[in-house]
Amino acid sequence: MKEGTEKPRRGAPDFQLLILTLLMAGFGIVMVFSSSSSITLVDAKFGYDPMYFTKRQIIFALIGLVGMFVTMNIPYEKYKKLFIPVFILAIIMLLLVPFIGGRINGATSWFTIGTLGIQPTELAKITTILYLSALISKKGERFRDLRTGYIPVMVIVGFVAGLIMLQPDLGSCLILVATAGLIIFAGGANLKHILGSIGLLILGASIVLGVEALWDKINPPDPTVAASSDYRMGRIEAFLDPWHDTQGTGYNLIQSLTAIGHGGLTGTGFGQGIQKLHYLPNAYNDFIFSVIGEEFGFIGTLIFLLFYIYFIWRGLLVSLRCQSTFGTLVGVGIMGLIAIQAFVNIGGVTNTIPVTGVTLPFISYGGSSLLVMMVSMGIVLSISRESSLPMKQERTKSVIIREPTPFELRREARRGL
């Protein structure tokens, strides 16, 4: 091999982040078993199998593990082009799911294949992160220009968010928009443009809700649409006063708070929770954090949350060390997605914010979510392999070449104002 043409050396993946990811997925499997086994054991629909959901979670975890190791060994810069066919597939699936998908809790969000469900929204989240990161890093300083930089990026975000709202899935839509906002901010967007977008979003949402309410009075909607609207309003009413309708809109939240309160300081012990015994709906999915609170108590829950925060912090640290704008934005986007979705889930089950029906990343039962999350962490681990190397040096010159990070670009832009 000729001098100067040898294959670029890659570093080792961040060991801490790799172990933390495996521990998160492993703890999720354990909690899915604890929260679901008592339900499936006595239900003929699940074949009286206490491992019904656990076995499926393990299968997706193994597939996700393979996917994580594959994506971890692909240089992250290649994702600038590799994600394009997957992004197109995600858009096609989002277009089709409202018409041929399965309806659950007022939303048509799933493709059902036998006993397994595929949620296109999960795929759309990670591909949108890659798309925005590639576009912003390509535009560079032009991204700060409203017409040629900022608006094209927002059009993409609005298009994907609009497809998700067709299901309708408000929780996932808000998570996607919040994650996109984080990437846009980290990418160096003009703060005035960001504030203007937030104002337009609030104004647009107010107009849409007002027109929808007025239209419903003039022209009563179809029963299925009305049920979906009532379901969303019920969650807001439950957030404001869950005890107003204890057997209706407030039931799930009351059972969740009861589980957390029953855990006390030290918890009832692993597998000894009571609320999961047909009291707390979706204990293995949306409300799995409530089971953690009941079985491990305040101390165990605090340890879990500190572990979760350290996991997110470690991923962000790896991303910020990256010498490429694209790598930094992808890492920040993925770890931001996990953090935002975790906050929305935990905030909902603790009545901090209205329940939105999203999963707790790595912990809740859900094949699509777990698979996409593990593959996404493979990308972050790929970024960590490059971040662990010293700064690139040009072979023909003894000068260090490093692409400025988005935060350095933002600082330089402020100095120029």
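**Close-up views of a predicted model**

**View A. Glu295 and Lys276 form a salt bridge.** Their side chains meet at 2.7 Å, N to O. The pair ties together distant parts of the chain, 19 residues apart. Glu295 belongs to helix H10 (residues 288–320). Lys276 sits in the loop between helix H9 (251–263) and H10. Both Glu295 and Lys276 are buried. The model shown here and in the other views is predicted.

**View B. Glu77 and Lys80 are joined by a salt bridge.** The N-to-O distance between these side chains is 3.3 Å. Glu77 has a relative accessible area of 32%, so this residue counts as partly exposed. Lys80 is also partly exposed, at 33% relative accessibility.

**View C. Asp49 pairs with Lys55 in a salt bridge.** The closest N and O atoms of the two residues are 2.7 Å apart. Lys55 is partly exposed because its relative accessibility is 39%, which falls between the 20% limit for buried and the 50% limit for exposed. Across the whole structure, the search finds 5 salt bridges. Among them are Asp49 with Lys55, Glu77 with Lys80 and Glu295 with Lys276.

**View D. Asn345 is a buried residue of helix H11.** The helix spans residues 325–349. The relative accessible area of Asn345 is 3%, so the residue counts as buried.

**View E. Phe99 is an exposed residue of helix H3.** Helix H3 covers residues 79–100. Phe99 has a relative accessible area of 69%. That value is over the 50% cut-off, so Phe99 is classed as exposed. Leu166 lies 67 residues from Phe99 along the chain. The C-alpha atoms of Phe99 and Leu166 are separated by 9.9 Å.

**View F. Cys173 and Cys322 are buried cysteines.** Cys173 has a relative accessible area of 8%. For Cys322 the value is 2%. Each value is under the 20% cut-off, so Cys173 and Cys322 are classed as buried. The structure holds 0 disulfides.

Note on methods
Residues are numbered from 1 along each chain as its sequence is written. This is a predicted model: local features need pLDDT of at least 70, side-chain atom pairs count only at pLDDT 80 or more; totals for chains, interfaces and linings use all residues. Side-chain values use heavy atoms; hydrogens and water are left out. Helices (H or I, at least four residues) and strands (E, at least two) are DSSP runs, numbered from the N terminus. Buried means under 20% relative accessible area, exposed over 50%, partly exposed in between (1.4 Å probe, protein chains only). A salt bridge is a side-chain nitrogen of Lys or Arg within 4 Å of a carboxyl oxygen of Asp or Glu. A disulfide is a pair of cysteine sulfur atoms within 2.5 Å.
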